[in-house]
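The sequence and the structure come first.

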Amino acid sequence: MNQSAKRYSPLQVALIGGAIATTATISVFGTAWTRGVRAALQDSPKALVDQVWQLVNREYVDGKFNQQDWQATRQSLLSKEYSNNEQAYVAIREALQKLGDPYTRFMDPKQYEALTSQTSGEVSGIGIRMELNDKTKRLTVVEAIENSPALKAGIKAGDEILAIDGKPALKMKVDDASKLIRGKAGTAITLRLGRPGGNDFNLKLTRATIEVPTVRYTLKQEGSRRVGYIRLREFSSHAADQMRRAIRDLNGKQVDSYVLDLRGNPGGLLQASIEIARMWYDSGSIVRTVDRQGASEVTKANRTALTNRPLAVLVDGNSASASEILTGALKDNKRAVVVGSQTFGKALVQSVHELADGSGLAVTIAHYYTPQGTDINHKGIAPDIKLDLTEAQERQLATNPDLVGTKSDPQYARAIAALSSKNFAKPLTNPTTQPMSSRANDLKF
């Protein structure tokens with residue numbers, strides 16, 4: 001198995017698993033012919049085109065390639081001349097489009113970097129969340145992230161960002177400011193800040209690699225119930241550790257039930273969803289995957305649950321992929337009551353590869369099913385308690401995010417009512433499951 005000349009970070013290894021940015025060493029055209037082609041194509045845009053073709057040829061879940069002649073596609077791709085990588089990118093995307101699978105996709109270097117940054121759950125910067133204040137029209141700090149340079153330097157919510165390294169920020173967009181603030185760990189940055197009731201001041205900080213919070217939680221007193229409310233935004237590489245800390249902290253505060261909010265969660269890493277599912281129940285299947293050869297593999301819980309307290313899960317139409325794996329596992333094992341809207345409906349597994357020039361390729365390699373064998377692709381998961389928000393309710397929560405997870409949030413309120421019911425579903429003690437498999441834990445959904 002050949003690797004490209006680039007070095008790979010632990011993130012990329014975890015993301016891609018055992019197939020680290022490989023180029024295929026076996027070709028359907030014969031070894032000698034392949035060596036000749038490789039020599040001719042080395043360091044050219046055609047080498048990139050062929051690398052993508054080989055990965056799809058070897059891994060794609062549909063061995064018939066959506067009824068396309070994949071061998072003819074390769075010949076067509078290699079018969080063209082590409083004066084630069086951008087032309088190769090266009091040809092690659094056109095070839096992949098014929099597969100009819102939006103999740104098998106090519107990413108240019110910037111897109112691939114954004115994906116790996118998102119799934120890593122880390123950023124290099126000073127560790128603030130900011131917004132453009134509706135009233136003042138100024139960039140305003142919403143939060144200084146825990147253990148970040150910003151928090152250690154004393155930056156507070158409400159501080160206004162007036163300049164970044166001397167560049168005025170009064171008319172700057174949030175995205176533009178983020179690009180200036182982020183940078184290589186260890187480098188310096190100077191912010192000019194305004195603080196209500198005080199004088200403007202300069203603050204010099206040193207950028208660092210920061211773990212982005214993807215789990216937020218709080219203890220809520222709802223009548224006589226002590227409810228642990230946990231919101232999971234995405235399944236990054238740090239999500240499981242953050243979830244573990246949240247559950248343990250809330251357990252220590254003697255909560256008697258939980259609400260797990262997966263609304264708007266688009267998914268992420270498969271391993272994160274598996275680890276989090278195992279925190280909620282001791283035995284039972286989590287997910288079954290089927291590859292292009294029809295081989296079926298099952299992953300299940302392993303008696304490492306952190307709590308058996310009653311659980312409600314909140315979902316909506318933007319709860320997808322890994323969110324649906326976790327929701328399906330909790331629902332089918334009768335571990336939780338699911339409240340909200342029908343989920344998105346994505347039941348495909350992707351493997352992600354870094355290519356020779358820093359671009360990336362996501363390839364669908366398997367189909368997954370919930371523990372009871374349900375295929376949710378293009379269908380989604382039906383909540384136990386279906387409650388769609390009206391447009392007015394959605395607007396209210398979007399414009400007043402502090403209302404999310406309160407009695408002013410209809411889906412949360414319904415979940416609390418369900419947790420208070422005597423008929424609330426309890427965990428299964430001895431569910432019937434298939435043998436556990438260790439495969440596909442490094443893949444992305």
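## Threonine 104

Threonine 104 is buried, with a relative accessible area of 3%, where buried means under 20% relative accessible area, exposed over 50% and partly exposed in between, for a 1.4 Å probe and protein chains only. The model is a predicted one, in which local features need pLDDT of at least 70 and side-chain atom pairs count only at pLDDT 80 or more, while totals for chains, interfaces and linings use all residues. Residues are numbered from 1 along each chain as its sequence is written, and side-chain values use heavy atoms, with hydrogens and water left out.

Threonine 104 lies in the loop between helix 5 (85-97) and strand 3 (105-107); helices (H or I, at least four residues) and strands (E, at least two) are DSSP runs numbered from the N terminus. Its side chain makes a polar contact with the side chain of aspartate 101 at 2.7 Å, a polar contact being a pair of N or O atoms within 3.5 Å of which, within protein, one must be able to donate a hydrogen and the other to accept it, with residues adjacent in sequence counting only if both atoms are side-chain atoms. A polar atom of the threonine 104 side chain also lies 3.0 Å from the backbone nitrogen of threonine 364. Leaving aside residues up to four places away in sequence, threonine 104 touches Tyr60, Leu96, Leu99, Ala362, Val363 and Thr364, where contact means heavy atoms within 4.5 Å.

## Threonine 370

Threonine 370, in the loop between strand 20 (360-369) and strand 21, counts as buried at 6% relative accessibility. Its side chain makes a polar contact with the side chain of aspartate 332 at 2.7 Å, and, residues up to four places away in sequence not being counted, threonine 370 touches Gly328, Asp332 and Ile376. The C-alpha atoms of threonine 370 and alanine 329 are separated by 6.3 Å, although these residues are 41 residues apart along the chain.

Six strands form an open sheet in the order 12-13-14-17-18-21, with mixed pairing, two strands being paired if DSSP finds at least two bridges between them. Strand 12 (215-222) and strand 21 (385-386) stand at the edges with a single partner strand each, so one side of each is left without a neighbour in the sheet. Strand 12 pairs with strand 13 (residues 225-232) in the antiparallel sense over eight bridges, and threonine 218 stands opposite tyrosine 229 in strand 13.
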